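This briefing covers one protein chain.

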Amino acid sequence: MDIGDSVMLVTGASSGIREATAREAHRRGARLVLGARRTDRLQRIARVLDGALAVTTDVTRDADRRRFVDEIGRAHV
């Protein structure tokens with residue numbers, strides 16, 4: 001599947017399978033928006049994945065979900 005230059009949102013991107021997914025998507029050329037609760041780990045990953053947008057997000061909170069979507073709009077629309 002060609003995902004080059006598509007925007008991919010990855011929540012829970014600070015560890016585990018979702019971090020691995022973000023890394024693979026970056027390798028394949030996707031533009032990434034990463035969300036997770038752990039700011040320090042999220043920022044570390046975003047620095048490695050050049051061009052990734054990192055947004056500290058707790059998907060269980062309405063305000064965080066809205067901010068995540070707003071940041072996507074500012075960066076990729």
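S1, H1 and S2 form a β-α-β unit that is right-handed, meaning that, with the strands pointing away from the viewer, the path from the first strand over the helix to the second runs clockwise. The model is predicted, so local features need pLDDT of at least 70 and side-chain atom pairs count only at pLDDT 80 or more, while totals for chains, interfaces and linings use all residues. Residues are numbered from 1 along each chain as its sequence is written, and side-chain values use heavy atoms, with hydrogens and water left out.

**Strands**
- Helices (H or I, at least four residues) and strands (E, at least two) are DSSP runs numbered from the N terminus.
- Strand S1 (residues 7–11) pairs with S2 in the parallel sense over five bridges; pairing requires that DSSP finds at least two bridges between the strands.
- Val 10 stands opposite Leu 34 in S2.

**Helix H2**
- Leu 42, Ile 45 and Ala 46 are buried in helix H2 (residues 39–48), where buried means under 20% relative accessible area, exposed over 50% and partly exposed in between (1.4 Å probe, protein chains only).
- These residues lie on the same side of H2 because they cover an arc of only 100 degrees around the axis, the arc being that of the directions from the helix axis to the C-beta atoms.
- Asp 40 and Arg 47, on the other side of H2, are exposed.
- The cover over the buried residues of H2 includes helix H1 (16–27), strand S2 (31–36) and S3.

**Two loop residues**
- Ser 14 is in the loop between S1 and H1 and counts as buried because its relative accessibility is 5%.
- Leaving aside neighbours within four places in sequence, Ser 14 is in contact (heavy atoms within 4.5 Å) with residues including Ala 36, Leu 42 and Ile 45.
- Thr 57 sits in the loop between strand S3 (53–56) and helix H3 (62–76), and its relative accessibility of 4% is why Thr 57 counts as buried.
- The side chain of Thr 57 reaches the backbone oxygen of Val 55 at 2.8 Å.
- With neighbours within four places in sequence left aside, the contacts of Thr 57 include Gly 35, Ala 36 and Phe 68.

**Confidence**
- The mean pLDDT (the predictor's confidence in each residue, from 0 to 100) of the protein chain is 94, and 99% of its residues reach 70 or more.
- Among the elements of the chain, H1 has the highest mean pLDDT (97) and H3 the lowest (91).
- Where pLDDT is low, the predicted coordinates should not be read in detail.

Definitions and conventions. A polar contact is a pair of N or O atoms within 3.5 Å; within protein, one must be able to donate a hydrogen and the other to accept it, and residues adjacent in sequence count only if both atoms are side-chain atoms.
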